[in-house]
Amino acid sequence: MIKLFRFLGPYRYWIAAVVCLMFLQSIAQLYLPTLMADIVDIGVMHGDTAYILTMGAVMLVVAALGTACNVTAGFLSSKTSAGFGKIVRGKVFGHVERFSLQEFDTFGTASMITRTTNDITQVQQVLFMLMRMFLSAPLMIVGGIVMAVSKDAKLSLVLVAVIPLLAGVIVFVASKGIPLFRSMQAKLDRLNLVLRENLTGIRVIRAFNRTEHERDRFGASNEDLTRTAIKVTRIMSVIFPIMLLLLNLSLVAIMWFGSIRIDLGYMQVGDLIAFTQYASQILFSLTMVSMMFMMIPRASASAVRINEVLNTSPTIVDAPDFKGSAGLKGAVEFRDVTFSYPGAEQPAVRNVSFTAGTGEVTAIIGGTGSGKSTLMNLLLRFYDVGGGSVRIDGTDIRELGQEQLREMIGYVPQKASLFSGTVTDNIRFGNVGATREEIEHAAEVAQAGEFISGLKDGFDSPVSQGGTNFSGGQKQRLSIARALVRNPAIYVFDDSFSALDFKTDAKLRAALQAETADATLLIVAQRVSTIMNADRIVVLDDGEVAGIGTHRELLDSCEVYREIVMSQLSEEEIA
Ligand code: ADP
Ligand code: MG
């Protein structure tokens, strides 16, 4: 947690101010009972009204000053801890943005969200507590003891008896509570995961009548978290009553022994009053300190989780002397590429070699799970290859900057994802500088013009989060337009035609051909008809290349390809 506090930089003066203010406030608090004792012993006992009024006024001023310090310190502490939260959230977000997909896979989305929100809030709250009490509580304890002893050393023996008792209770409670605090964050992760899956999978859940099951699953998670929270609260709630009991018992003891000492003439009434106040201050501060020590473990568990994110360095970083993409034409080569996903036993692709030249259409076909999307992920450098290399015009893509590399590629992902905004916003996402004409042209080529003009507001129609107000095929066409408007050297269509009907598929390919004449086209497809006319077809089978060639060549030479074709086309179509 201390490590996280390095982000407090801009607020260090405020913290110093709070420390000073809390110091002054504690002094005022410690001074007040002494004034009170004087009023009673000197003013009241001798019937000196003037003295009572003067000292009363002094007390008012001291109390007012103490309160002012306290309020200001509270204000500064709130601002500092909130500002700290803002800084850390910004750091985490900025850091995560540089992660490759590899790192996202290791944390998981749900945990990432908890870490950026709840975990940071935990640390923020403890920071607030620390600022309010870290200095003042120990000061009140030590100062209170000193003052109490100075009032009457013998009577202080009562405190000597009580404090170890209270400390015992605190240690007991802490040992029970701290492990529970730690497990709470993990349970919150779990709850977030279930909730997230529910919200994103709502259609499937409804369709399969799994609402009941999901409700139970959420209920179980919720119950689990609640039970732990209740346990923690139950343990924590023991502290206050016990502390009050001890406090009141010790006050009784102080009164008892104090009155005896007053009778014997060892002590004055005012001192006894002051003494009881010091006793309350000491015991109360002790409780506060114990609370603080209880919250620290929970926050440090959170801090560890935040640091895990911050300490994960992105595996994919630009080489210090990376090259720009200037002069590259976009011929793609996979050279003996092997890659395994983190934690996977089998490589997802093995020894894949093929080239995709400029001005050519290179198609990749193969069953589901054969590694087609994986190859595209490698080309975009979402992951780094395990062996071999991916090259553009002979240059290893690891020597290029990531931004320069991706600038060259118009990528249409297998799962079309749109963002909330308008249709235009979504297409312009591909190229911020695109003009209205370019956007409309791209939509036209992507065969999206027709349905867009059918929308109420045309290109200004709203797109909801994730593009849920569009059909699968419409989303695909919008994401194709988004890639086209970039006018890149390399196009990657990862199964982007699967949700289109045959007619639109054919029209789209014809329009694309004219548009992308000089570019390198990589088309991943399931349907043979989509890729039959490609210049080169790469057949993938279980992560390995089963054959490379044109449709005709492969029909003769490649068994895997023939099987795929036979399963889709009729005899006439094949011939
Ligand atoms: P395709 O696109 O040909 O259907 P993929 O390239 O998506 O196939 O997947 C190839 C293999 O890699 C599959 O066995 C799949 O289970 C695995 N795989 C895909 N993505 C991941 C991932 N993020 N983590 C682990 N394994 C993955
Ligand atoms: Mg795929």
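1. Let's start with Asn-487, which is exposed, with a relative accessible area of 61%. Exposed here means over 50% relative accessible area, buried means under 20%, and partly exposed is in between (1.4 Å probe, protein chains only). Asn-487 sits in the loop between α15 (472–484) and β9 (490–494); helices (H or I, at least four residues) and strands (E, at least two) are DSSP runs, numbered from the N terminus. Its phi is near 55°, a positive value in a residue other than glycine. Most residues other than glycine have a negative phi.

2. A quick word on what you're looking at: this is a predicted model, where local features need pLDDT of at least 70 and side-chain atom pairs count only at pLDDT 80 or more, while totals for chains, interfaces and linings use all residues. Residues are numbered from 1 along each chain as its sequence is written, chains are lettered from A and ligands numbered from 1 in the order in which they are written, and side-chain values use heavy atoms, with hydrogens and water left out.

3. You'll find Asp-393 in the loop between β4 (387–392) and β5 (395–396). Asp-393 counts as partly exposed because its relative accessible area is 30%.

4. Now the ligand. The residues around ligand 1 (a heavy atom within 4 Å) include Asp-105, Ala-348, Lys-372, Ser-373 and Tyr-383. By class, that shell has 3 nonpolar, 7 polar and 2 charged residues. Helix α10 (residues 372–379) gives the largest share of the shell, 3 residues.

5. On to the polar contacts of ligand 1 (pairs of N or O atoms within 3.5 Å). A polar side-chain atom of Thr-374 is 2.4 Å from an oxygen atom of ligand 1. For Gly-371, a polar backbone atom lies 3.0 Å from a ligand 1 oxygen. Tyr-341 has a side-chain N or O atom 3.4 Å from a nitrogen atom of ligand 1. Taken alone, ligand 1 exposes 560 Å², and the protein buries 60% of that; accessible areas come from the Shrake-Rupley method with a 1.4 Å probe.

6. Last one: Val-19, Phe-23, Leu-24, Ile-27 and Leu-135 make a nonpolar surface patch of about 400 Å². Patch residues have over 30% relative accessible area and no salt bridge, with nonpolar side chains joined within 5 Å. Val-19 lies in helix α1 (residues 12–44) and is partly exposed, given its 37% relative accessibility.

Key:
Patches are made of residues with over 30% relative accessible area and no salt bridge: like charges are joined within 9 Å, nonpolar side chains (Val, Leu, Ile, Met, Phe, Trp, Tyr) within 5 Å. A salt bridge is a side-chain nitrogen of Lys or Arg within 4 Å of a carboxyl oxygen of Asp or Glu. A polar contact is a pair of N or O atoms within 3.5 Å; within protein, one must be able to donate a hydrogen and the other to accept it, and residues adjacent in sequence count only if both atoms are side-chain atoms. Ala, Val, Leu, Ile, Met, Phe, Trp, Tyr, Cys and Pro count as nonpolar, Asp, Glu, Lys and Arg as charged, and the others, Gly among them, as polar.
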